[in-house]
Amino acid sequence: MSPSFERIISLETRLMMEEKMSKGLKRMLLVLNCTMLGLGNVGGPLISRLYFLKGGKGVWISSCLETAGWPFMTLPLTISYLYRRRKDGPGTKVVFMKPPLFVASVVLGLLTGIDDFLYAYGVARLPISTSALIISTQLAFTAAFAFLLVKPKFTPFTINSIFLLTLGAVVLALHTSSDRPANESKLRYFMGFFMTLGASALYGFVLPAIELTYKKANQTVTYSLVMEMQMVMSFSATVFCCIGMIFHGDFKVINRIDSKEHLAIPREASEYELGQATYYVVLVLNAMLWQMFFMGAVGVIFSASSLLSGVIIAALLPVTESLAVLFYHEKFQVEKGVALVLSLWGSLNYLYGEFEENKKMEKQNQDLETEIN
């Protein structure tokens with residue numbers, strides 16, 4: 001078979017796949033998921049930190065909240081089903097997921113649950129501006145694992161972007177001790193630092209693993225299927241964290257005054273600095289924002305790639321940094337400023353590289369279509 005004929009077949013296959021979802025719809029989904037990822041990525045850490053700053057103490061409770069918003073997924077899934085039913089009739093499938101994909105989603109969910117705990121522990125011990133900068137190293141981990149698992153095409157712009165974003169986190173790591181909160185011991189502070197770094201590395205693995213799961217699925221991967229997978233992943237992670245809460249004794253605690261058992265959450269709510277009603281609002285916002293983060297992340301992987309998902313997470317770092325300084329009056333040392341500049345520079349590098357790559361791909365597609373005609 002001649003190379004020219006192989007190229008033609010490759011193009012025809014790609015065009016057939018694109019018929020299932022128009023470019024306009026895929027672009028719209030990408031924008032929607034980038035928006036959800038952005039809101040969750042900025043709002044989630046801030047609300048999680050607010051929980052601890054004003055009297056919350058449950059690391060397992062906080063980690064559970066990161067995926068406890070999975071019931072919210074029933075709404076878009078129901079809308080999707082009703083839309084398909086109106087289009088295809090009563091025989092429309094309610095669930096697309098097959099057993100192998102379900103098992104893979106459960107495993108990914110358990111890994112996400114571990115990641116939730118590592119991240120929640122870090123947020124409890126570190127200023128949010130510091131933990132956010134540590135999380136920016138996730139892009140380097142995502143790129144490394146993506147290279148091993150899904151083999152994306154790395155351009156000079158991509159490599160430069162990863163280098164700059166990672167360098168920014170290294171600059172921060174060299175000057176961490178000056179940022180330690182007054183009420184935290186050195187041991188707990190450094191445990192929080194390394195737990196956050198571990199969370200960054202683990203989620204850097206999970207993102208490409210999700211992309212690999214899409215590629216290896218023996219069925220057509222639609223956006224409805226992506227939502228089903230995310231729901232299973234979030235549910236599995238929540239179950240893992242709930243088991244952690246049980247073993248840690250977070251569901252019931254002994255009151256030292258009356259020596260009786262009390263439910264931990266109502267007790268925390270009654271002692272919360274911002275009031276009982278605000279406590280529950282913080283919990284609900286926590287669950288909603290983190291669910292938006294996770295749904296946005298897997299949606300971006302579906303619409304583009306795991307690497308782009310990692311870049312967006314790193315690129316929004318300056319927003320999280322600025323809001324943490326504004327609302328929580330955190331310190332903003334010179335090294336944080338340097339890390340922010342490197343983060344912005346790296347993000348712009350990646351976006352410019354993607355723009356140039358898309359232009360090149362569109363030209364190649366036009367040339368191949370002309371060759372077919």
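Modeller: Start with Glu-271 and Arg-267, whose side chains form a salt bridge at 3.9 Å, N to O. Keep in mind that this is a predicted model.

Colleague: What is the general idea behind such a pair?

Modeller: Side chains of opposite charge can pair when their charged atoms come close. The cut-off used here is 4 Å between a side-chain nitrogen of Lys or Arg and a carboxyl oxygen of Asp or Glu. By that rule the count comes to one salt bridge.

Colleague: How do Glu-271 and Arg-267 sit relative to each other in helix H11?

Modeller: First the general point: an α-helix has 3.6 residues a turn, so residues three or four places apart point the same way. In this case Glu-271 and Arg-267 are four residues apart in helix H11, residues 264-271, which puts about one helical turn between them.

Colleague: Is Glu-271 buried or exposed?

Modeller: Glu-271 is exposed, at 53% relative accessible area. Arg-267 is partly exposed, at 30%.

Colleague: What does a buried residue in a helix touch?

Modeller: Take Thr-196 in helix H9, which runs over residues 186-216. Thr-196 is buried, with a relative accessible area of 1%. A polar atom of its side chain lies 2.7 Å from the backbone oxygen of Gly-192. Leaving out residues up to four places away in sequence, Thr-196 touches Leu-118, Gly-122, Leu-126, Ser-131, Ile-134 and Ile-135.

Colleague: Which other residue of H9 is worth a look?

Modeller: Pro-208 is also in H9, and it is buried at 0% relative accessibility.

Colleague: How far apart are Pro-208 and Ile-301, in sequence and in space?

Modeller: They are 93 residues apart in sequence and 8.4 Å apart in space, C-alpha to C-alpha. For another such pair, take Gly-346 and Ala-315, which are 31 residues apart in sequence and 8.0 Å apart in space, again C-alpha to C-alpha. Gly-346 is in helix H15, residues 334-372, and is buried, with a relative accessible area of 0%. Beyond residues up to four places away in sequence, Gly-346 touches Ser-161, Leu-164 and Leu-165.

Colleague: What share of contacts between residues at least 6 apart in sequence joins residues at least 24 apart?

Modeller: That share is 82% in the protein chain.

Colleague: And what do the totals for the chain say?

Modeller: The protein chain has 15 helices and two strands. It has 373 residues, and 50% of them count as buried. Its accessible surface is about 18800 Å², with 68% belonging to carbon and sulfur atoms.

Methods
Residues numbered from 1 in each chain as written. Predicted model: local features only at pLDDT ≥ 70, side-chain atom pairs only at ≥ 80, totals over all residues. Heavy atoms only, no water. Buried < 20%, exposed > 50% of the residue type's maximum accessible area, 1.4 Å probe, protein only. Contact = heavy atoms within 4.5 Å. Areas by Shrake-Rupley, 256 points an atom, 1.4 Å probe, with all protein chains shown as cover. Polar contact = N/O pair within 3.5 Å; in protein donor to acceptor, adjacent residues only side chain to side chain.
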